[in-house]
Amino acid sequence: MKNLYFAGEDIKVNDLFFICYMIERVARRLHQRNRYVVNKIGKEKIYHLISVANVLHAQNPLDVEEEWIKEYHLANGKFDIMDVDRELVAQAPTAIQTGKVYQRLICDTALPNEDYVEGIIRVYNHEICDVIDNYNCSAYYEPSYVIARAYYAGGF
């Protein structure tokens, strides 16, 4: 995938990871599901964000969160991913860990000729995300090939 602003520059997998990480951070802060953030921002603006990810990652993530919330008119919701049964979950995964899970899932299930932006929209709108984001179950902790297989099978 080529950078929107520099045609000779490729978007790197680390840029995809950063976008997945920030989607997770923003969704957690707003008590929304990741798909809300992805769909509200939209394809064109995600392409912009992934094209400037190499610059954004050098900024304070709290500032990037604020910027996304204001720029894309993101609202608070009622889904708290961190509301887990403490008898089942001693420590919920971090936004970085969850961002890595989604980055791997996007890459592991990439369709022919699909770019990262299309992969983000496809994966975050798949029903498997509801299972991955339920930290009371073990789906998040499964190896990436197991998660990819569950994606194709429609569940774990």
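1. Which residues do ring pairs link into a cluster? The cluster is made of Phe 17, Phe 18 and Tyr 21. Rings of Phe, Tyr and Trp (its six-membered ring) pair if their centres lie within 6.5 Å; planes under 30 degrees apart count as stacked, over 60 as edge-to-face and the rest as tilted.

2. On the basis of the notes: this is a predicted model, in which local features need pLDDT of at least 70 and side-chain atom pairs count only at pLDDT 80 or more, while totals for chains, interfaces and linings use all residues. Residues are numbered from 1 along each chain as its sequence is written, and side-chain values use heavy atoms, with hydrogens and water left out.

3. Helix H1 spans residues 13-30 and helix H2 residues 34-41. Helices (H or I, at least four residues) and strands (E, at least two) are DSSP runs, numbered from the N terminus. The axes of H1 and H2 come within 8 Å and cross at roughly 110°. Axes here are lines fitted to C-alpha atoms, for helices over the stretch in contact, and angles run from 0 to 180 degrees between N-to-C directions. The two helices are therefore roughly perpendicular to each other; the bands are under 35 degrees for roughly parallel, over 145 for roughly antiparallel, 65 to 115 for roughly perpendicular, and oblique for the rest.

4. The H1 and H2 crossing is right-handed. A crossing is left-handed if the near helix is turned anticlockwise from the far one by less than a right angle, and right-handed if clockwise. On the H1 side the contact (heavy atoms within 4.5 Å) is made by Ile 23, Glu 24, Val 26 and Ala 27, and on the H2 side by Asn 34, Val 37 and Val 38. By class, the residues of this contact are five nonpolar, one polar and one charged. Ala, Val, Leu, Ile, Met, Phe, Trp, Tyr, Cys and Pro count as nonpolar, Asp, Glu, Lys and Arg as charged, and the others, Gly among them, as polar.

5. H1 also packs with H7, at an angle of about 35° and with the axes 11 Å apart. This crossing is right-handed. Val 13, Leu 16, Ile 19, Cys 20 and Ile 23 of H1 meet Tyr 116, Ile 120 and Tyr 124 of H7. The residues of this contact are eight nonpolar, with no polar and no charged ones.

6. In helix H3 (residues 43-51), the buried residues are Ile 46, Leu 49, Ile 50 and Ser 51. Buried means under 20% relative accessible area, exposed over 50%, and partly exposed in between (1.4 Å probe, protein chains only). Among the elements that cover these residues are H1, H2, helix H4 (53-56), helix H5 (61-71) and helix H7 (116-124).

7. What does Ser 51 touch, leaving aside its neighbours within four places in sequence? The contacts of Ser 51 are Asn 3, Leu 4, Tyr 5 and Ile 11. Its relative accessibility is 4%, so Ser 51 counts as buried.

8. The structure holds six aromatic pairs. Tyr 135 and Tyr 140 form an edge-to-face pair, with ring centres 6.0 Å apart and planes at 70°. Tyr 135 is buried at a relative accessible area of 2%, and Tyr 140 is buried at 9%. Tyr 151 and Tyr 152 also make an edge-to-face pair, with centres 5.6 Å apart and planes at 80°. Here Tyr 151 is buried at 11%, whereas Tyr 152 is exposed at 54%.

9. His 31, in the loop between H1 and H2, has a phi near 60°, a positive value in a residue other than glycine. At 30% relative accessibility, His 31 is partly exposed. His 73 has a positive phi of about 50° although it is not a glycine. This residue lies in the loop between H5 and helix H6 (95-108), and His 73 is exposed at 62% relative accessibility.

10. Met 1 lies in the segment before H1 and is partly exposed, with a relative accessible area of 27%. Neighbours within four places in sequence left aside, Met 1 is in contact with Glu 9, Asp 10, Ile 11, Tyr 47, Ile 50, Asp 115, Tyr 116 and Val 117. Met 1 and Val 13 are 12 residues apart in sequence and 10.0 Å apart in space, C-alpha to C-alpha.
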